[in-house]
Structure formats: structure tokens, C-alpha cells
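Below are some friendly notes to read alongside the model, as numbered points.

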Amino acid sequence: MERRKKFEESFRDAFDDAEVSPSENVWINVELDLEKADGGKMKRRLLFYKLLAAASVAFALAVTGIAFYGPIGGQNGPLAERKEHDNTANSAGTNADAPGTLTPGPAANSSTAGSASETASLPYPDHPASASSSSRADTESAAHPQVTAAAPSPSDIASAGTLRSEAPTSNQYLAQHTHDKNTTRSITDNSNNKKTDGITADGIAAGQDQNSETAYGDALLLKDSDLQPVFARNITIGKPELTPAVAEPHSNADPFKLMMARLADEEKAMQKDEKENDRQESLWTSVGMAAGGFNTVNGNVSSALTTLSSNSLANEQIKASGVTYSFGLSMGTKLSKRWVLQGGVNYLNQSSDYTATGFVGDSRQSFFAASVNNIEQLNAADAKQDAKYVPSTPYSVNNSLAFVSVPLQAGYLVLNNKFSIQLNAGLSTDLFLQNTVTPQGEGLKKETQKSGDDSPYRTVNFSGLAGTEFSYKVGQHYRIAINPGIRYPLNSIYKSDIGIEATPLTFDVGLNFRYIFH
Amino acid sequence: MQNGRIIGFMLSEEELIDGCRKGDRSFQKALYDRYCRKMLVVCLRYSKSTAEAEDILQEAFVKVFHGIKNFRQESKLETWITRIMVNTALNVQRKKLYLYPMVDVEEINLPAGEVSISNIHFEQLLEMIQALPHGCQIVFNLFAIEGFSHKEIAEQLGISEGTSKSQFARAKSLLQQRLLKESTYYERYGEAKKI
């Protein structure tokens, strides 16, 4: 027992003050990992601010949209309400407290049936037989008995409601009081429609809410010059056409019509602008560059590799994360209002560092960094007998892959304005050009392998692309864009017979300068 | 001192911890410089090669710098860092243990002679430990050097206590055999290792 204890303790003691210096790479990698983690935190923070900014923009757009499109989109309602409101404001003499006043008659609305028998009179002396029956009509009807209507017809109300919408009329306004059945029906119908068809003056006049009732009373206070022959007009039911009315040469042109005309003009102008915008930026070209990093998240080394050394090297190689950059030209066109198609040609470089623990040397005194390819070639049946793998202390090797990438992406414009946001997704055909293995060790030669049979990399590969493009129009023909995106190979970048599977996930951020042809 | 290079040994443990807690890279480097050599030996004991050990060292130091905010200073900083190294190494080796599960070892041939290691350089001992089979290597380290009980080892590695004991016994036997055979190690030490 004592002997056993002594044995274990002696081991412990032997390692008590033991020290071995690690390579410089360890700290560099620790530092890189720490920076990556810090970057991740920063990314999360940035994402929060991005989301906050997006939410703010969305809210601002929604508010602007409601404020801007609201009155035009809901022409019937808001305008009718506005008209009614104006009338109400002007109806100093009348009030909504008299629920029985100015109702279109029993046929129009049963709720106001009680007022149907009221006599109509005008407080305005020049209009002794005005159309309405107001609450004070009783008293005034005595002064103007000749204009007392036996029963206020809907046409009375209609005329009251449209007093301001036609040219000035004479004081024989009420002479035109008729019990025209069509008119009555129209108003009755309108009144049943309540405010939904309230665009026309008639509609407004026939509106059945309290405000519209006061509007009738308002007619009683209108000036002479504002009055107009109501029944000279065709009373229409339903949504009126927003035909741009030409301003009448008279100084007392109908302000309502003018307003409607202005709105119609504005709407047309907006539609025209929209169409123009849609037509804009239908073809463009851009020059851009991108930089980022890649990481092989699901690399796999199969047992097909013949030696332990090539196996561990392969592990090192495929798991190495690295940096990537690309630059190139692209073209784009708009397929529809929101959809775009863009493609181009890019030079793509992916560079990573891995640690090798040996090198390959031949009888010509040429020494190369160990890579999966040259070790596998060494172990192949037709290998050159003079080449050998020599173990060494660990050293760093840079492996740089060059591709020509031909991307084709479809884009959806989430926001299409001076500042635009576009979501892109598509495919890229990657043509492998060459890889360059650059050892950091002294006396070791740089090696470049072109694509072809000897290369462990596939000559043609396909990658999926996805990204977002934030762009800002800086002139009539120019747009600058930042586009973060990811690239993921659809199959391993290594040939299938090598026994290595690696699909490096790339994240990069690009900067594009776009020239818009038209 | 904040911006310049910090000489690690000039700083107290508390200063190092405070600096690292603030995320100051100079302090982190100073802490790394102070402990990296010792910790690499810990990592080497649990791995088969220097490259593997350096990977563990790197991963563990990143954990140290991330976790130092939570270090309550109830133990010495070195002890805490060592624990992180061991845990990181175990995490790495656990995957291998999954591939090569530990089983009870029945045949144990303990050498008859007395074996002394007092005159043997630690690097030779390290190589012997690295040459042990995976399971034996881990159990030997945890029991003989870290001082864990077999029960604790069994819990940590998800094996039975008996397996832990038998693995340790095998490790010990192999080491003693090797120590007896290679008593002239010093003469040969320094040759390039063969892969």
C-alpha cells in the first residue's frame, strides 16, 4: 500500500513544477477566439439596433401611409364627414339638440318620423320658403305662412344639403320644391345608405346621422349667393366618379367641386408617379467587392484516407476557418414591381490557415508543406519513390482557394424607395481555379495546384446564396448598396474520391456601386 | 500599463483577475504568459500529441477568460485554471471514449521489482503517460495526479467504479513495465519521434 502511494505521489511530484512552452499560435488563436466572441456580442447588439431601426422605419411608414393615403383611400367617408363637419360648424342657428329637425320624412327614416309633419320655414328672410323644417320653424312659420310646407319632403332636405354645391340661385329657391318621386326615392335611398355614398352633395345632405341633420339646418344660414338650384342637377346614388372638374370662371365656383377636382388631380399625379417609379431602375450594372469569413461546420474525414498523418492533416485542413473576399461585376433587371433578377461574375478567394506536423521532401531537395493531397499522392500506388513524408515540429500553412463564381439571384424588394431593402436568394456556379499552399516554415516551397485530375477540389461546384441588400440612391443613375449574405456549397468542395467532405459556410458583407441605365 | 505590454510576474493575482474581468487584452496575455507553460503540461497528460494538447490549451484559456467574471476566488487561480484545463481535456477525450469504451481489465501483470521515478525527467514520464491506452491515460491522470477518487472518476466519465479501478491498475502496470524497461531513457531522449 505504501509502495502504491509512493508511486502515485512521485508522479504528482514529478509534474508539480513541470513546464512546457506552447507555440506562439496558441495565444494568437486564443486572441482570435476572444475577438470572435466579442464580435458575436457586438453582432447581437447590432442586430438589436437593426431590429429597432427596422421597427421604427416600419412604424414611421405605417403612420405616414395612414396619414397620406387615408383621405384619398376613404374618399366617401372622410370627405362626407368633412363636409358635414363644415356644415355643422356653420350651423350657428341650428343645433343637433332638435332631433326632429330637418328629417327627410317618414319614408326616409322611421326614427325621424315624428318630424315629418313639422312645417318648414326659413329664418333667413330672403328665403322665406327654405326647404328645412327647423325647430324654430314653428315661430317663423307664422311670419311666413305662405312658405309653410305641408310636409317636408326629402327633396327639401336634399336641396338644403346641396345649397352650396351649385351656382347661386334666386330667391325662388323654394319654388322649385317639388315632390318629385325620383328625387324622393333617391334621397330616401341615400339616407338608407347613410354615409357610405356621401360623396355627392345629395348624399351628404341625406346622411342620417345627427351631424348631417344639423347640416340641413346649416343650409338655412347660407348666403344667397351660395344657394343653388338643387333639382337642376341629376341626383345620383352611389359612388360618384371623381372627374376632374374644371374650375368655373365665376369667382363663386363650387368649392366642393374644386376640392374634389384637386383631390382627383393629386390622385392621378400620384398614380403617374408610382408608375414612373415602377418603370425606373429597370436595368442596372454594378461593380462590387465583399469580404468575410468562412467556417466548415460539418466537415467529415472518412476512413478512406490511408494514413494517420493524412487523416489528422485532413482534419486540420477542413476544420480551419478562414477569410474570404470577392470582387466582380453584376447586372440586374426588374421583373416586376417588387421582383428583380441579378447575376454576374466574381473572383472569389477563400483562405485558411492550418497546422501541419510534417512536410514532403524529394530527392531534388524540394520540400513542400504537408497537405492532404500530397500525402495521399505519396501513398498512392503510382507514387514517386523518391518523395517522403518527414515529421516536423508544428508549423502553420496557408491554403488559399481561388474560384470564379457566377451567381444568379432573385430579389424581392421589401422597400423600394430612395432607401431600399431587398431580400436575395439564388444559386452560384463556382468554377475552381487553383489552390495555393503557402507554408510558414523556412525552406519550404510554396505550391500551387490548378484544377484538374490532380487537384483534390471539384472543378465545378454549386452554392446556395442568401442575403439582404440595403441600398441608397445617390443620384439619378447611381445607387450604393451594402449586402450581407451567406454562401453554402450544395455539395462538398472536395472530390468524392478523396474521402473528405467539407461544405464551408461563408458569411460576407459586400459593397456595391450600381449604375442605373434607366 | 493599460495600453502597453504588461509583464505578468509583476502583477499580483488580484490585479490579473481584475484586469481580465475588464476584458483587457494585456492582462489576459499576462495571465496566459504566467500559466500557459504549466497548463500545457496538464493538457499534454490528457492528450496524445502536442498539437492536440495545444488545442485543448487554447479552448480552455478561452473558457478561462470568459469565465473569470464568475471566479469567486475561493481557491487559488492556478487551481481554478487547472480544473478548467482538466474539464476541457475530459470533454475532448470523452468523445474518444465513446468510440473506444472503457471496459474492465482482468489481466494485470504487476512487475515484481521496485520502480523509482525520482530520477526520471517529467518529459519522459509524460511520454509514457501519452503512450497509455486512452481510458488508462485518463483514469491514471485523474486518480494519480489530480487526486480524484474512483467514485468521482466513475461519475465524471460515466463508467463503473470497478472499471475505473481496473483501468488505473492497468495503467499502473503498463507504466511500471515501461519504467523498468526504459531505465536508460535519458540516453535516447531527444530523438525525433516516429509517427
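**Notes on the predicted model**

1. Let me start with confidence in chain B. Its mean pLDDT is 80, and 78% of its residues reach 70 or more. Please keep in mind throughout that this is a predicted model. For the model as a whole, the scores are ipTM 0.82 and pTM 0.39.

2. Helix α3(B) has the highest mean pLDDT, at 92, whereas helix α9 (residues 185-188) of chain B has the lowest, at 50. Over residues 190-195 of chain B, pLDDT stays under 50, and the model has 5 contacts for that stretch beyond four places in sequence. I would mention this stretch in the text when you describe chain B.

3. On the architecture of chain B, the count is 9 helices and 0 strands. Read from the N terminus on, the elements run α-α-α-α-α-α-α-α-α. Chain B has 195 residues, and 50% of them count as buried. Taking contacts in chain B between residues at least 6 apart in sequence, 71% join residues at least 24 apart.

4. One helix pair in chain B deserves a description. Two packed helices are described by the angle between their axes and the distance between the axes. For helix α2 (residues 25-46) of chain B and helix α6 (residues 134-145) of chain B, the axes come within 8 Å and cross at roughly 135 degrees. On the α2(B) side the contact is made by B:L44, B:R45 and B:Y46, and on the α6(B) side by B:Q137, B:I138, B:N141, B:L142 and B:I145. These contact residues divide into 5 nonpolar, 2 polar and 1 charged.

5. Which residue has a positive phi although it is not a glycine? That is B:Q73, with a phi of about 60 degrees. B:Q73 sits in the loop between α3 (50-67) and α4 (77-99) of chain B. With a relative accessible area of 34%, B:Q73 is partly exposed.

6. A word on cysteines. A disulfide is a covalent bond between the sulfur atoms of two cysteines.

7. Is A:E8 buried or exposed? A:E8 is buried, with a relative accessible area of 12%. This residue is found in helix α1 (residues 2-16) of chain A. Leaving aside neighbours within four places in sequence, A:E8 is in contact with B:F143, B:A144, B:F168 and B:K172.

8. Finally, A:S326 in chain A. A:S326 lies in strand β3 (residues 322-334) of chain A and counts as buried, at 11% relative accessibility. Not counting residues up to four places away in sequence, A:S326 touches A:G288, A:M289, A:A290, A:Y347, A:L348 and A:D508.

Terms used: Residues numbered from 1 in each chain as written. Chains lettered and ligands numbered in written order. Predicted model: local features only at pLDDT ≥ 70, side-chain atom pairs only at ≥ 80, totals over all residues. Heavy atoms only, no water. Axes fitted to C-alpha atoms, helices over the stretch in contact; angles between N-to-C directions. Helix = DSSP H or I, 4+ residues; strand = E, 2+ residues; numbered from the N terminus. Contact = heavy atoms within 4.5 Å. Nonpolar A, V, L, I, M, F, W, Y, C, P; charged D, E, K, R; others polar. Buried < 20%, exposed > 50% of the residue type's maximum accessible area, 1.4 Å probe, protein only. pLDDT = per-residue confidence, 0-100.
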